[in-house]
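Please look over the sequence and the model before reading on.

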Amino acid sequence: MQLREMTENDLPQVLELQRELAFQDWNEKQFLSEIHASYAFCVICEDACGVVDSRSRLLGYAIFHLLGPDSELLSIATRQSVQRKGIGTLLLNAGLDKLTERDDQCFLEVRDGNTKARRFYEKHGFTLYNVRKKYYTDGEDAALYKYSKAETSSKQNSSAIESSQNGHDKP
Ligand SMILES: CC(C)(COP(=O)(O)OP(=O)(O)OC[C@H]1O[C@@H](n2cnc3c(N)ncnc32)[C@H](O)[C@@H]1OP(=O)(O)O)[C@@H](O)C(=O)NCCC(=O)NCCS
């Protein structure tokens, strides 16, 4: 399994994955403009050893806009057959690792009813900060999430302190 930047050659597989999951409907032109945008980070995860099925070795992809202190996660998806195996986490962390300054944040919006994705984001330190009513064309609300590098590192530090203290308390 390997992570690498998305190229134009990956687009047939990326479009196929998007169709398989039916969670958004970007066309080829939209993906192309992301690949060529200087501020975009488009990453894929693929099975480097062989094919996942007869058509594709793509396991997932993510697209971020890295915009200084306020970055954005535009899209993330993993193949249905390999979900819940940590691939989404690898892709997400590849983007979050690019937030280098303490005050950097990453924003995203997700369908209110997309519980799977919401649990995923919450597990990785994103917090809900607003709801945009009837944001999507079918009338569904958008849940707006924010990841703050400073808050996440300070939570990680305090849980590390807590677990080391718990460790000392053990008989
Ligand atoms: C959201 C998505 C990218 C997660 O990818 P993934 O490869 O399954 O992610 P991971 O295996 O790294 O999951 C990590 C955590 O996310 C949460 N999670 C993932 N799938 C979940 C589910 N079906 N139900 C509840 N929590 C879930 C869990 O906390 C999980 O940790 P755990 O398995 O230890 O409990 C994937 O489900 C997906 O592609 N969904 C369809 C596309 C989509 O909706 N994208 C987001 C909108 S842009």
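A residue is near a molecule if its C-beta atom, placed from the backbone, lies within 6 Å of it. By that rule, 20 residues surround the ligand, and the closest are Q83, G88, T89, R119 and F120. The model is predicted: local features need pLDDT of at least 70, side-chain atom pairs count only at pLDDT 80 or more, and totals for chains, interfaces and linings use all residues. Residues are numbered from 1 along each chain as its sequence is written.

**Ligand shell**
- α4 (115-123) supplies the largest share of the shell around the ligand, five residues.
- β4, α3 and α4 each supply at least two residues of the shell.
- The shell divides into eight nonpolar, seven polar and five charged residues (Ala, Val, Leu, Ile, Met, Phe, Trp, Tyr, Cys and Pro count as nonpolar, Asp, Glu, Lys and Arg as charged, and the others, Gly among them, as polar).

**Chain**
- The protein chain has five helices and seven strands, taken as DSSP runs (helices H or I, at least four residues; strands E, at least two) and numbered from the N terminus.
- Along the sequence, the pattern is β-α-α-β-β-β-α-β-α-β-β-α.
- Buried residues (20 or more other C-beta atoms within 10 Å of their own, with C-beta atoms placed from the backbone) make up 22% of the 171 residues.

Methods. Buried ≥ 20, exposed ≤ 12 C-beta atoms within 10 Å, placed from the backbone.
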